[in-house]
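Visitor: I am new to this structure and would like to learn how to read its features. May we go through them one at a time?

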Amino acid sequence: MMESMDFHKIMAFIYLPTILIGLLGNLLSLYAYSRPNRKSMVGFLLYSLSISDIFLLVFALPLFSIMYLPIWTDEQKSFVVAYTAKYVYPLCMMAKTCSLYIMVLITIERWIAVCRPLEVQIWCRYTTSSYSIAAIIIFAVVLNFARFFEFEIEYIDGLVYFKRELLDSDKHWWYFMFYFIVISIIFDYTVPFVIMFVANMLIISELRRTKKERSLMTIQQQKEQNTTVMLLVITIFFGFCHFFSMALKLAESFAGGFLTIHNIYLEMLGEIFNYLIIIHTASTFFIYYIFSEKFRQIIKGIWK
């Protein structure tokens with residue numbers, strides 16, 4: 001138990017600057033893709049992704065960092081930990097689902113732009129994307145709403161504690177197997193990863209085919225291709241950072257219980273996998289800056 005707490009304290013100090021840098025980067029991205037600077041449909045989707053990532057990082061800040069920092073008394077810490085687990089964790093998962101499916105939407109948009117250019121005017125419109133974003137938000141809330149009931153808060157000797165309720169795999173095995181494992185594996189990993197993998201393979205194939213024709217492309221077509229490459233980097237990095245959490249979830253489904261609860265080393269490993277997800281969320285600004293000339297111009301304009 002002591003090793004676990006010490007590890008979480010160390011990770012709290014690692015999470016803190018990562019999340020703060022990510023918040024700053026996403027705020028700058030939000031400005032860069034705001035309406036006055038937004039010139040394309042993909043810009044609207046990246047604007048939406050920045051909003052979702054900001055919420056994700058805001059909720060991750062107390063969940064992964066603040067509640068483990070040595071700044072609380074025992075009474076304060078028990079209160080913060082209990083209410084963070086009860087209420088902030090579900091909100092964080094909702095934001096994570098939103099970011100996940102916005103990434104899927106961006107991948108589909110790029111597939112249409114690269115592989116079905118004649119259909120861009122039909123599918124890649126502000127109205128269609130706005131409805132899609134609204135549907136993603138509703139889906140994220142519905143999918144993760146049950147998480148508000150995974151923990152119960154109780155008071156013992158004047159201190160606030162939380163205990164596993166629905167997450168008690170012995171008491172509520174049906175919830176663990178059906179929701180936490182099956183539903184989560186399908187909608188948090190399998191569906192989005194399959195869509196992104198297939199679409200990205202088709203996009204890469206098309207980019208290779210048109211590589212020889214690049215010298216004949218207009219400047220606008222070359223910019224579109226650069227945008228596609230940038231988004232490919234983001235989605236591939238996204239897949240890498242989320243893959244290990246999916247592998248752990250699959251391992252728990254075969255084990256029929258929470259592996260991270262009973263093994264300190266697996267708990268540490270799970271925390272590192274969570275950190276990879278935060279790394280991706282915090283690093284998109286740097287990918288935009290490296291690959292997008294227009295983005296660099298806007299950011300440099302802020303400093304000037």
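Predicted model: local features only at pLDDT ≥ 70, side-chain atom pairs only at ≥ 80, totals over all residues.

Visitor: How many helices and strands does the protein have?

Guide: There are 10 helices and two strands. Read from the N terminus, the order of the elements is α-α-α-α-α-β-β-α-α-α-α-α.

Visitor: What share of the residues of the protein counts as buried?

Guide: A residue counts as buried when its relative accessible area is under 20%. Of the 304 residues here, 50% are in that class. Contacts give a further view of the fold: among those between residues at least 6 apart in sequence, 78% join residues at least 24 apart.

Visitor: How many residues does the largest nonpolar core have, and which of them have the most contacts inside it?

Guide: The largest nonpolar core has 36 residues, and Leu46, Met230 and Tyr288 are those with the most contacts inside it. At least two residues of this core come from each of helix H1 (2-32), H2, H3, helix H5 (126-144), H6, H7, H9 and helix H10 (293-303). H3 supplies the largest share, nine residues.

Visitor: Which residues is Met230 in contact with, leaving aside its neighbours within four places in sequence?

Guide: With those neighbours left aside, Met230 is in contact with Tyr33, Leu46, Ile287, Tyr288, Phe291 and Ser292. A second, separate core has 28 residues, among them Ile19, Ile54, Tyr89 and Ile181.

Visitor: How does one look for empty space inside a structure?

Guide: A probe the size of a water molecule is rolled over the atoms, and this shows where empty space is left. In this structure, a search of the whole finds two cavities of 30 Å³ or more.

Visitor: What is the volume of the largest cavity, and which residues line it?

Guide: The largest cavity has a volume of about 70 Å³. Its lining consists of Leu49, Asp53, Leu56, Lys96, Ser99, Leu100, Met103, Phe238, His242, Ile277, His280 and Thr281. By class, these residues are six nonpolar, four polar and two charged. Helix H2 (41-65), helix H3 (74-115), helix H7 (219-255) and helix H9 (264-291) each give at least two residues to this lining, and H3 gives the most, with four residues.

Visitor: How much space lies in the second largest cavity, and what lines it?

Guide: The second largest cavity holds about 40 Å³ of space. Ile106, Thr107, Arg110, Asn200, Ile203, Leu231, Leu232 and Thr235 line this second cavity. Two or more of its lining residues come from each of H3, helix H6 (173-210) and H7. The lining has four nonpolar, three polar and one charged residues.

Visitor: How many disulfides are counted?

Guide: A disulfide requires a pair of cysteine sulfur atoms within 2.5 Å. By this rule the count is zero.

Visitor: Are Cys92 and Cys98 buried or exposed?

Guide: Cys92 is buried because its relative accessible area, 6%, is under 20%. Cys98 has a relative accessible area of 12%, so Cys98 is buried as well.

Visitor: Where is Gly43 found, and is Gly43 buried or exposed?

Guide: Gly43 is found in helix H2. Its relative accessibility is 4%, so Gly43 counts as buried. Leu30 is 13 residues apart from Gly43 along the chain, and the C-alpha atoms of the two are separated by 9.9 Å.

Key. Residues numbered from 1 in each chain as written. Heavy atoms only, no water. Buried < 20%, exposed > 50% of the residue type's maximum accessible area, 1.4 Å probe, protein only. 1 Å grid on protein atoms, 1.4 Å probe; cavity = no way out; pocket = protein on both sides within 12 Å on 5 of 7 lines; lining within 4 Å. Points joined across faces, edges and corners; volume = space filled by probe spheres on them. Nonpolar A, V, L, I, M, F, W, Y, C, P; charged D, E, K, R; others polar. Core = buried A, V, L, I, M, F, W, Y, C linked by side-chain atoms within 4.5 Å. Contact = heavy atoms within 4.5 Å.
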